[in-house]
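Please look through the sequence and the structure shown below, and keep both at hand while reading. The explanation starts from one residue and then widens to its surroundings and to the whole chain.

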Amino acid sequence: MSVTIRNRAPHKDSVARAHQRIAVAKAIGAVLGVVALGVGATWFVFASSTFAVTAIEVTGASQHTQSALRTGVQEVLGRRTLGFLRPARNILLLNEEDVARLLATAFKNVDDIRVTKQYPHTVQVAVRERIPVGAWCLHDECQYFDATGARWGEAVPSTGPLLILVRDERA
């Protein structure tokens, strides 16, 4: 039985190796290009001021409520996702219903809230405040109430022609 001896060095093709190096360099360049494009697009959408909300207009509320609502909208716009992204700051990604719902839960003295986007950089908040009819007192805690019966805030127990005072003495 014969055994072949393999001691010959393999043939090295320098042209094939050059083509292989160029193909690897092109692949690395393509991957780096795609990553750079993704990072640039993310920066453009989330961090640049191109689509950023820069103005907040509040209408239909008292001066104190306007400043509080403006601060509330700024808090919503400043919320971060993944630690550094602020998608609500982008006017294209801003969800108007979510902002209105969050403001409605935070501000009980507001009856109706409508949030609309005014392109290119403005968010408009139109509100209708509740008009207090009286103060509802249960033990030592008093709250305002309106014509629909909705209660909100803290009121001082007072009597007089301006507000109705209801003392609820139920247990």
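Leu163 has a relative accessibility of 23%, and so it counts as partly exposed, a class that lies between buried (under 20% relative accessible area) and exposed (over 50%), as found with a 1.4 Å probe and with protein chains only. Before going further, note that this is a predicted model, in which local features need pLDDT of at least 70 and side-chain atom pairs count only at pLDDT 80 or more, whereas totals for chains, interfaces and linings use all residues. Residues are numbered from 1 along each chain as its sequence is written, and side-chain values use heavy atoms, with hydrogens and water left out.

Leu163 sits in the loop between S6 and S7; helices (H or I, at least four residues) and strands (E, at least two) are DSSP runs, numbered from the N terminus. If residues up to four places away in sequence are not counted, Leu163 touches Pro132, Val133, Gly134 and Tyr144, where a contact means heavy atoms within 4.5 Å. From Leu163 to Trp152 there are 11 residues in sequence, and the distance in space is 15 Å from C-alpha to C-alpha.

Strand S5 (residues 141-145) and S6 run antiparallel and are joined by two bridges, and Phe145 stands opposite Arg151 in S6.

Another pairing involves strand S1 (residues 55-59), which has a covered face with Ile56 and Val58 and an uncovered face with Ala55, Glu57 and Thr59. S1 and strand S3 (residues 122-129) run parallel and are joined by five bridges, and the bridge partner of Thr59 in S3 is Ala126.

Which residues is Thr122 in contact with, once its neighbours within four places in sequence are left aside? They are Ala55, Glu57, Ile91, Thr116 and Lys117. Thr122 itself lies in strand S3, and because its relative accessibility is 16%, Thr122 counts as buried. In the loop between strand S2 (110-118) and S3 we find Pro120, and the peptide bond from Tyr119 to Pro120 is cis, with omega near 15°.

Turning to the whole chain, we find three helices and seven strands, and from the N terminus on the elements run α-β-α-α-β-β-β-β-β-β. The radius of gyration of the chain is 32 Å, well over the 16 Å that the globule rule gives for 171 residues, so the chain is more spread out than a compact globule; this radius is taken over C-alpha atoms, and the rule is 2.2 Å times the number of residues to the power 0.38. Along the principal axes, the C-alpha atoms fill a box of roughly 120 × 45 × 20 Å.

Of the 171 residues, 24% count as buried. Among contacts between residues at least 6 apart in sequence, 45% join residues at least 24 apart. The accessible surface of the chain is about 12,400 Å², and 58% of this belongs to carbon and sulfur atoms; such areas come from the Shrake-Rupley method with a 1.4 Å probe, and for residues only the protein chains shown count as cover.

Terms used: Pairing = 2+ DSSP bridges.
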